[in-house]
Amino acid sequence: MDISGGCLCKAVQFSVRDEFSAFHLCHCKQCQKISGAANVANLFIKRDALRWKSGENNISVYTVPGRKISHGFCKTCGCPAPYLDDDATWVVQAGSLDRSPSLAAQDHIFWAERGHWYEAALTAPKCAQGPTDETDVPR
Ligand SMILES: [Zn+2]
Ligand SMILES: [Zn+2]
């Protein structure tokens with residue numbers, strides 16, 4: 001079954017088969033910069049499994065010099081967008097999908113470079129919505 005995905009401004013929209021071959025959470029320093037967060041959530045899928053609905057020409061791809069790390073993003077809103085890892089493989093950010101893929105994350109890679117605030121965050125209180133919501137309940 002296909003999964004739709006796209007960016008916040010809706011310029012970039014695509015559909016992808018739920019047949020991902022790998023799912024890595026990368027904590028390297030470059031991916032922290034790319035995401036502004038602890039890690040990126042990279043799904044890999046063969047090239048013919050992704051179909052563009054719109055916005056393919058509204059994507060920029062930046063490749064980090066000296067490392068095999070790229071960042072595809074919508075030129076309008078900056079959200080992550082699929083990019084080619086090589087001629088045969090797309091990298092798709094899990095958060096850009098409209099529902100969860102069947103494949104679970106397989107590992108945390110470049111763990112040695114992680115932001116050390118991340119592990120403490122995993123055990124911090126879980127709020128259903130914002131931090132001041134009176135109805136917050138631990139999950
Ligand atoms: Zn956008
Ligand atoms: Zn990385």
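Is F110 buried, exposed or partly exposed, and how many other C-beta atoms lie within 10 Å? In this predicted model, F110 is partly exposed, because 17 other C-beta atoms lie within 10 Å, a count between the limits of 12 or fewer for exposed residues and 20 or more for buried ones. F110 sits in the loop between β10 (107-109) and α2 (117-122). Its phi is positive, at about 55°, although F110 is not a glycine. Most residues other than glycine have a negative phi.

A positive phi is also found at K10, another residue that is not glycine, where the value is near 70°. K10 belongs to the loop between β1 and β2. With 14 other C-beta atoms within 10 Å, K10 is therefore classed as partly exposed.

The chain as a whole contains two helices and ten strands. Their order along the sequence is β-β-β-α-β-β-β-β-β-β-β-α. The radius of gyration of the chain is 16 Å; a compact globule of 139 residues would have a value near 14 Å, and the two agree. Along the principal axes, the C-alpha trace extends over about 45 × 35 × 30 Å. Buried residues make up 22% of the 139 residues of the chain. Of the contacts between residues at least 6 apart in sequence, 58% connect residues at least 24 apart.

Three of the strands form an open sheet in the order β1-β2-β5, and their pairing is antiparallel. The edge strands of this sheet are β1 (2-6) and β5 (50-54), each of which pairs on one side only. From one strand to the next, the twist averages 25°. The antiparallel pairing of β2 (residues 13-17) with β5 comprises four bridges. Within these strands, S15 is placed opposite R51 of β5.

W90 is located in strand β9 (residues 89-93). This residue is buried, because 21 other C-beta atoms lie within 10 Å and the threshold for burial is 20 or more. Apart from neighbours within four places in sequence, W90 has contacts with I45, R47, L50, P82, L84 and D85. A separation of 9.6 Å is found between the C-alpha atoms of W90 and N42, which are 48 residues apart along the chain.

Conventions:
Residues are numbered from 1 along each chain as its sequence is written. Chains are lettered from A and ligands numbered from 1 in the order in which they are written. This is a predicted model: local features need pLDDT of at least 70, side-chain atom pairs count only at pLDDT 80 or more; totals for chains, interfaces and linings use all residues. Two strands pair if DSSP finds at least two bridges between them. Axes are lines fitted to C-alpha atoms, for helices over the stretch in contact, and angles run from 0 to 180 degrees between N-to-C directions. Two residues are in contact if their C-beta atoms, placed from the backbone, lie within 7 Å. The radius of gyration is taken over C-alpha atoms; the globule rule is 2.2 Å times the number of residues to the power 0.38.
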